Amino acid sequence: MNAGPRRSHRQQDAPGTARGGRRMRSVVLGNRSARGARSVARARSAGATAGSGGGGGDGTAVGHGLRVAAAYAWRLVIVGVVAYAVFSLLGRLQLVAVALFLALVITAVLRPLADLLARHMPRTPAVVLSIGGSVLLVLGLLALVGRLVAGESGRLGSEFAGGLGRIERWLEGSPFHVSHAVLSNLQGKVAHLVSENRSVLISSALSGVGRAVEVITGLVLALFCSLFFIRSGDRFWRWFKDLIPQSARDPWDRAGRAAWRSFAGYTRGIIIVAATNAVLVGIALYALGVPLALPLTLLEFFAAFIPLVGSPVALGVATVVALATKGPVVAIVVLCLIVVIGQLEGHVLHPLVLSWAVRLHPVVVAVSVIGGSILAGVIGAVVAVPMVSVAWSVISELRRPPEPAGRPPDGPPAPP
């Protein structure tokens, strides 16, 4: 009899008990979530403090810019160490490096001729004929220059002696009015300096003979390497790509093609510019009657390979020769020729011939030439601009998205 009312009392209290349990669970869960939120907030604040650079015990924070600069700094230090090691190695192997550079120059110049001859004969005879014919042409031109210099040496000696006398009289007259005693004292000092340093001059001449042997060795090595580069440069490039992992072959292939396209374009373009300058200088010197017109023309041709600097230096030598042999009027005309050739080279020839191969600002070219000359002398001045142009073309190519798979790449079949 009492069980029924008790069961009904439990049944009546069951909803209240359930509601109380739910309230209890919500309170517990709310407390847990509040504690979790506070823990997350503390963790975030601690991470922000650590990320902002609270490195020391004094709590000093390091700014974001300083952390980025430090990250770049140690990476640049590593790059600088690697670059220094590479340049040190190249300095010890300078002969081999210069020979390989000359081999690439010869390949860039003679490969189109070899490809043209290969259409009518086998590849190997075409390569040998192109290289052999070019060597004979250069040797013949040098022999002609030597013969002209030897034939005019006697006349040039007398003309230089008379020219020095004319220069002295010109300096003694108006508007300089240099006294004869000062000029005689200067000549005596020069003669005394030469007699004092005769042993040094002789040792320099002997070291020049050793340098000539090194130059001949480098030329032979360059011709040997260029023979294989022109003959089978494509196979060399495929062999090199096979050594690279599959995932990295496409970027390396694009970079190599861009580098070769820039180097070959620069080499052919600078030869066209140098030949144009040499022809103009040769015509002007021959018209003015300056002696040694052909040797001075060749000097202008080879000096033009150093941008912005080489051509004025070569024409400066021509000005000295004209002053000593023809007098100040002709020397002034040759000096004006320096300005004309410089303007023509800088504003006409370089934009027309080299703009498609080398896209460098003149300031970059000037800094590259000066930096190269400081690091490696004349050789550094010659190779600085093509190396900078190659590096810039590679960087520009790698920053571009790759071409579609069906489109053939630009440039030559493969760099040698």
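A salt bridge is counted here where a side-chain nitrogen of Lys or Arg lies within 4 Å of a carboxyl oxygen of Asp or Glu, and a search of the whole structure by that criterion finds 5 salt bridges. The model is predicted, so that local features need pLDDT of at least 70 and side-chain atom pairs count only at pLDDT 80 or more, while totals for chains, interfaces and linings use all residues. Residues are numbered from 1 along each chain as its sequence is written, and side-chain values use heavy atoms, with hydrogens and water left out. Helices (DSSP runs of H or I, at least four residues) are numbered from the N terminus.

**Salt bridges**

- Asp234 forms a salt bridge with Arg111, with 3.2 Å between the closest N and O atoms; because Asp234 lies in helix α7 and Arg111 in helix α3, the pair ties together parts that are 123 residues apart in sequence.
- Arg123 forms a salt bridge with Asp115, the closest N and O atoms being 2.5 Å apart; Arg123 is partly exposed at 22% relative accessibility, and Asp115 is partly exposed at 32%.
- Within helix α8 (residues 246-288), where Asp253 is found, Asp253 forms a salt bridge with Arg257 at 3.0 Å between the closest N and O atoms.
- Asp253 and Arg257 are 4 residues apart in helix α8, which means that about one helical turn separates them.
- Asp253 is buried, with a relative accessible area of 13%, and Arg257 also counts as buried, at 13% relative accessibility; salt bridges that share partners join Lys241, Asp253 and Arg257 into one network.
- Contacts (heavy atoms within 4.5 Å) link Asp253 to Trp237 and Lys241, when residues up to four places away in sequence are not counted.

**Nonpolar cores**

- A nonpolar core is a set of buried Ala, Val, Leu, Ile, Met, Phe, Trp, Tyr and Cys residues joined through side-chain atoms within 4.5 Å; the largest one has 15 residues, and those with the most contacts inside it are Leu285, Val290, Leu296, Leu315 and Val334.
- Two or more residues of this core come from each of α8, α9, α10 (310-326) and α11 (328-354), and α11 gives the largest share, 5 residues.
- Val290 touches Leu285, Leu296, Val321, Ala322 and Val330, not counting residues up to four places away in sequence.
- A second, separate core has 11 residues, including Ala274, Phe305, Val365 and Val369.

- Rings of Phe, Tyr and Trp (its six-membered ring) pair if their centres lie within 6.5 Å, with planes under 30 degrees apart counted as stacked, over 60 as edge-to-face and the rest as tilted; the structure holds 8 aromatic pairs.
- The ring centres of Phe301 and Phe302 are 5.3 Å apart with the planes at 75°, so this pair is edge-to-face, and Phe301 also forms an edge-to-face pair with Phe305, at 5.5 Å centre to centre and 85° between the planes.
- Ring pairs link Phe101, Trp260 and Phe263 into a cluster, and two of these residues, Trp260 and Phe263, are touched by Leu104, as is Phe229, not counting residues up to four places away in sequence.
- Leu104 lies in helix α3 and is partly exposed, with a relative accessible area of 26%; Leu104 and Ser226 are 122 residues apart in sequence but 6.7 Å apart in space, C-alpha to C-alpha.

**Nonpolar surface patch**

- Patches are made of residues with over 30% relative accessible area and no salt bridge, like charges being joined within 9 Å and nonpolar side chains (Val, Leu, Ile, Met, Phe, Trp, Tyr) within 5 Å; accessible areas come from the Shrake-Rupley method with a 1.4 Å probe, and for residues only the protein chains shown count as cover.
- A nonpolar patch of about 760 Å² is made by Leu89, Leu93, Leu95, Val96, Leu100, Leu221, Phe224, Phe228 and Phe236.
- Helices α3 (94-117) and α7 (198-242) each supply at least two residues of the patch, and α7 gives the most, with 4 residues.
- Leu221 lies in helix α7 and counts as partly exposed, at 31% relative accessibility.

**Backbone detail**

- Leu292, in the loop between α8 and α9 (293-303), has a phi near 55°, a positive value in a residue other than glycine, and is buried, with a relative accessible area of 17%.

Terms used: Buried < 20%, exposed > 50% of the residue type's maximum accessible area, 1.4 Å probe, protein only.
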